[in-house]
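Please examine the sequence and the structure shown here before reading on.

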Amino acid sequence: MISEKLVEFIHGPVFMALGTRNEKLRPAHTFVVGAIVNQDRETLTCFVSQSRAEKIMGNLEDNGKIALTVGSPSHESYQLKGHYVSLRPTDAKDVAIQEIYRTKLVALMLQYGYPEQIVKPMILGAKYQPAVAITFRVEEIFLQTPGPEAGKKIA
Amino acid sequence: MGVLPDEIKPAMEGVIPSHVVTCSLDGTPNTTVISQVYYVDADHVALSFQFFNKTIKNVRENPHAVAWVTNPESLETWDLELEYDHSETSGPVFDAMDMRIEAIASMTGMTGIFKLKAADIYRVKSAAKNTDERIPLAAIDK
């Protein structure tokens with residue numbers, strides 16, 4: 001189960017990168033614009049642009065293995081690993097979550113002192129629609145904050 | 001002519017962090033965010049080995065990796081297909097990366113935590129610019 005503290009961190013907002021792999025163990029990367037931990041606190045739904053998702057659908061159907069890194073500008077980061085559950089088009093509520101995510105991420109980066117002329121185009125310029133909602137079951141969580149403890153399994 | 005065009009070089013200056021995905025031999029993917037994908041030459045890049053982490057372990061048993069890098073000027077992103085080749089603990093690539101990492105660490109409050117152990121050299125198999133991942137800058141409310 002994803003702890004309350006980690007749920008807060010993920011909803012923070014945070015930067016996210018999704019990893020999958022194909023049947024030949026070739027990895028694939030996907031960027032994520034917005035995610036939400038579901039009420040069961042065992043599954044997480046993340047939003048991925050349609051064009052990017054098309055590149056990994058085969059991987060999800062072949063083996064379903066997923067790794068998601070979530071990290072803040074403070075360098076605190078975690079990696080959640082698990083298995084694909086489902087994929088669907090995003091609905092209006094998902095788009096609202098994405099838009100809140102984008103706005104909060106800009107505000108966070110500005111708090112950290114990053115220049116507005118870089119932060120706004122970088123974050124708001126990332127294409128986030130059309131998108132799909134990918135849900136996966138989180139089975140393992142690892143600390144990924146840089147340092148000697150990075151890689152430690154915490155759940 | 002190598003795989004990496006000159007126009008990708010700004011994406012390898014360490015301005016915007018990059019994403020790297022690898023996969024273990026047992027088939028578990030691993031995703032990480034790194035400070036910099038370092039340009040070595042038109043066919044090779046280097047990734048920093050600072051801690052013995054999953055990326056380091058994975059590429060030594062399954063050499064395939066992918067990296068996602070962002071040009072800080074245009075904000076265009078690139079997907080790189082990489083194959084781990086070898087590791088260097090001295091020499092011009094190591095020295096240049098070490099200096100760069102020290103600089104990034106001092107600017108991000110990570111001095112003493114970011115420390116280069118080795119420069120892992122990867123062969124670049126392909127570099128593809130993403131053309132459908134940005135909203136035109138003119139459309140963003142600045």
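A residue is called buried if 20 or more other C-beta atoms lie within 10 Å of its own, exposed if 12 or fewer do, and partly exposed in between, with C-beta atoms placed from the backbone. By that criterion, buried residues account for 41% of the 142 residues of chain B.

The model is predicted: local features need pLDDT of at least 70 and side-chain atom pairs count only at pLDDT 80 or more, whereas totals for chains, interfaces and linings use all residues. Residues are numbered from 1 along each chain as its sequence is written, while chains are lettered from A and ligands numbered from 1 in the order in which they are written.

**Chain B as a whole**

Helices (H or I, at least four residues) and strands (E, at least two) are DSSP runs numbered from the N terminus. Chain B contains two helices and seven strands, and their order along the sequence is β-β-β-β-α-β-β-α-β. The radius of gyration of chain B is 15 Å, close to the 14 Å that the globule rule gives for 142 residues, so the chain is as compact as a globular protein of that length. Here the radius is taken over C-alpha atoms, and the rule is 2.2 Å times the number of residues to the power 0.38. Along the principal axes, the C-alpha atoms of chain B fill a box of roughly 45 × 35 × 35 Å.

Two residues are in contact if their C-beta atoms, placed from the backbone, lie within 7 Å. Of the contacts in chain B between residues at least 6 apart in sequence, 70% join residues at least 24 apart.

**The side of chain B that touches chain A**

Contacts between the chains involve 32 residues of chain B and 37 residues of chain A. On the chain B side, the elements that give two or more residues are strand S1 (18-23), strand S2 (29-34) and strand S5 (64-70). S2(B) gives the most, with five residues. The residues of this side divide into 16 nonpolar, 10 polar and six charged. In this count Ala, Val, Leu, Ile, Met, Phe, Trp, Tyr, Cys and Pro are nonpolar, Asp, Glu, Lys and Arg are charged, and the others, Gly among them, are polar.

**Strand S5 of chain A**

In strand S5 (residues 65-71) of chain A, seven of the seven residues are buried. A:Lys65, A:Ala67, A:Thr69 and A:Gly71 lie on one side, and A:Ile66, A:Leu68 and A:Val70 on the other. In a regular strand the side chains alternate between the two faces of the sheet.

Two strands pair if DSSP finds at least two bridges between them. S5(A) pairs with S1(A) in the antiparallel sense over five bridges, and A:Phe15 stands opposite A:Gly71. S5(A) also pairs antiparallel with strand S6 (residues 77-89) of chain A, over seven bridges; there A:Ala67 stands opposite A:Lys81. S5(A) and S6(A) form a hairpin with five residues between them, and A:His75 in the turn has a positive phi of about 85°.

**Backbone features in the loops of chain A**

A:Leu25 counts as partly exposed because it has 19 C-beta neighbours inside 10 Å. A:Arg41 is partly exposed, with 14 other C-beta atoms within 10 Å.
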